[in-house]
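Hi everyone, thanks for coming. Let me put the model up.

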Amino acid sequence: MNPIEDIVNQFKEVRLEADLKALPEDIRGALPYIRQAMDLVTRIFLKQQNEHLPEHYDAVMKGDDELRKRFYDLFKGPWNQLTDFKSEYPDMNNRSAGCAFYPESWANAKIRKTVENMSGPEKEAAMDNYTVLRDEDGALEAIPYHVYYAEELGEIFDLLEKAADMVEHEGLSSYLINKAEALVSGTYRESDAEWVRLTDSPIDLVIGPYEVYADALLGVKATYESMLMVVDREKGDALKEIESNLDKLAAVFPVPAGSKAAVGGMAPIVVVDQIYSGGEAAQGVMAAAFNLPNDAWVRGHVGWKQVMLHNVMKAKFTIGTKEIAKKVMHGGEHVDFGPMFTFVLLHEISHGLGPAYRADGRETAKCIGSSYVAIEETKADTGALYLILKLGGQYGIGKYDSAVMLKTYLAGLFRSMRFGVHEAHGKSNVIQFNWLKEHGVISKDGDRFAIKADDIEKVAEELLVKVCTIEAAASEEEAEEFLREYGTPGEDILLALEGLRDIPTDIKPVFPEF
Ligand SMILES: [Zn+2]
């Protein structure tokens with residue numbers, strides 16, 4: 001088969017269902033405006049990856065290479081997300097480590113060195129999540145996103161304002177207009193706080209610059225993304241008990257002396273069905289859940305919201321986890337959606353627990369640098385595993401048959417590794433696998449793997465302590481050393497992944513029409 005076709009076919013088209021008819025008329029009327037705003041978010045995201053991409057993207061889409069169109073539509077560019085954004089097209093370079101956040105003409109080492117040597121407000125602006133750096137007469141100039149992308153953001157403002165005008169739900173309408181204002185003014189905190197508090201709206205919308213995954217140079221620049229979702233109140237209400245016991249969950253996380261956790265605020269959980277995506281959220285692998293905002297001030301003063309994308313998760317389980325389990329384990333047919341859902345939920349919750357600040361008050365994330373995401377994802381996964389093992393059956397956390405739960409977990413490790421073992425999320429799964437194997441929890445079972453329940457609680461706790469200790473110290477060297485030691489996939493992992501080639505890596509969503 002054509003190699004491009006091979007890559008594109010790893011994403012299986014799945015129709016994502018959502019109960020749009022249950023939405024009030026006024027909200028349904030506003031959805032097309034929101035969708036247009038989200039498409040503009042995608043335009044900004046293209047530009048963030050490479051300044052010349054929007055033009056090139058359009059040219060490809062107007063051309064007649066149908067396969068190339070499918071590839072670009074899937075990955076939002078010529079780069080394969082599953083191989084760390086290497087170009088699959090000889091006429092295009094790989095995605096640059098710093099995307100288009102930094103001056104195109106500057107070498108990476110020069111950018112690093114220049115920012116390193118800065119101090120005070122100049123350095124703060126350079127390291128800000130929401131600025132691009134450009135060459136100004138040989139020096140680095142920081143330009144805020146809301147200035148740099150003013151044209152697109154102005155259009156987004158108009159569309160969100162129209163949507164806000166149509167919507168009768170007061171909280172939603174207010175959020176839409178405040179979000180629109182935040183995007184054009186570059187002051188995000190208030191509208192992010194409003195988003196956290198907005199839990200009774202029939203729909204939910206994330207729109208703006210959030211995650212820093214794309215910035216492989218300094219690990220600080222946020223990409224624009226957007227998700228539109230229908231809220232499932234009934235499923236959300238079932239999780240209220242966990243929500244009201246977060247302090248009990250937090251108590252099992254080690255926060256080494258001197259470091260500080262980010263708790264103190266609210267952390268509502270909502271269950272939703274996704275109906276559209278834009279920007280980075282529309283690129284390749286889809287999120288099954290997320291936890292926003294990342295801004296430490298909002299998290300510390302107000303809190304964060306945890307969003308479970310039920311229709312996405314279910315689709316991933318059906319086409320991925322179930323099939324993978326059968327190939328990597330004997331008895332792999334005994335996996336279940338229940339433990340997967342709970343695991344993903346506790347993963348999101350765990351992101352909010354553990355050390356967030358060093359003893360000197362500095363943010364852990366900023367001190368660790370580009371290794372942070374892999375460490376943090378390991379913490380979230382290990383935290384989830386440990387919470388199910390230790391607290392399952394209490395505080396609203398499901399109690400599952402341990403063999404079924406662990407099989408579902410192990411299949412999940414391989415499912416995530418397939419998103420790229422060198423990418424932060426994939427790497428965190430390699431770390432868990434290697435750690436559990438070293439401690440005898442995972443073993444070879446003929447041509448497959450086995451996972452046993454005996455010591456797993458203790459072994460998972462040790463890994464959780466290890467990553468929390470790294471986060472508390474927040475030293476770049478320590479984090480890198482840990483990744484070197486545990487983050488490399490061995491022969492057994494690579495061989496197993498090879499055997500999963502026929503199973504789709506992820507879904508390509510077909511969203512409902514509206
Ligand atoms: Zn995560």
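Let's start with helix H9, residues 170-185, and helix H10, residues 189-197: they pack at an angle of about 155°, with axes 8 Å apart. The axes are lines fitted to C-alpha atoms over the stretch in contact, and angles run from 0 to 180 degrees between N-to-C directions. That angle makes H9 roughly antiparallel to H10, a label for anything over 145 degrees. The contact, meaning C-beta atoms placed from the backbone and within 7 Å, involves Ser174, Tyr175, Asn178, Lys179 and Ala182 on H9. From H10 come Glu190, Ser191, Glu194 and Trp195. By class, these residues split into 3 nonpolar, 3 polar and 3 charged.

A quick word on ground rules: this is a predicted model, so local features need pLDDT of at least 70 and side-chain atom pairs count only at pLDDT 80 or more, while totals for chains, interfaces and linings use all residues. Residues are numbered from 1 along each chain as its sequence is written.

Now, zooming out, the protein has 23 helices and 15 strands; those are DSSP runs, H or I of at least four residues for helices and E of at least two for strands, numbered from the N terminus. Its C-alpha atoms fill a box of roughly 60 × 55 × 55 Å along the principal axes.

How much of the protein counts as buried? Of the 514 residues, 49% do, where buried takes 20 or more other C-beta atoms within 10 Å of a residue's own. And among contacts with a separation of 6 or more, 76% join residues 24 or more positions apart.

Conventions
Parallel < 35°, antiparallel > 145°, perpendicular 65-115°, else oblique. Contact = placed C-beta atoms within 7 Å. Nonpolar A, V, L, I, M, F, W, Y, C, P; charged D, E, K, R; others polar. Buried ≥ 20, exposed ≤ 12 C-beta atoms within 10 Å, placed from the backbone.
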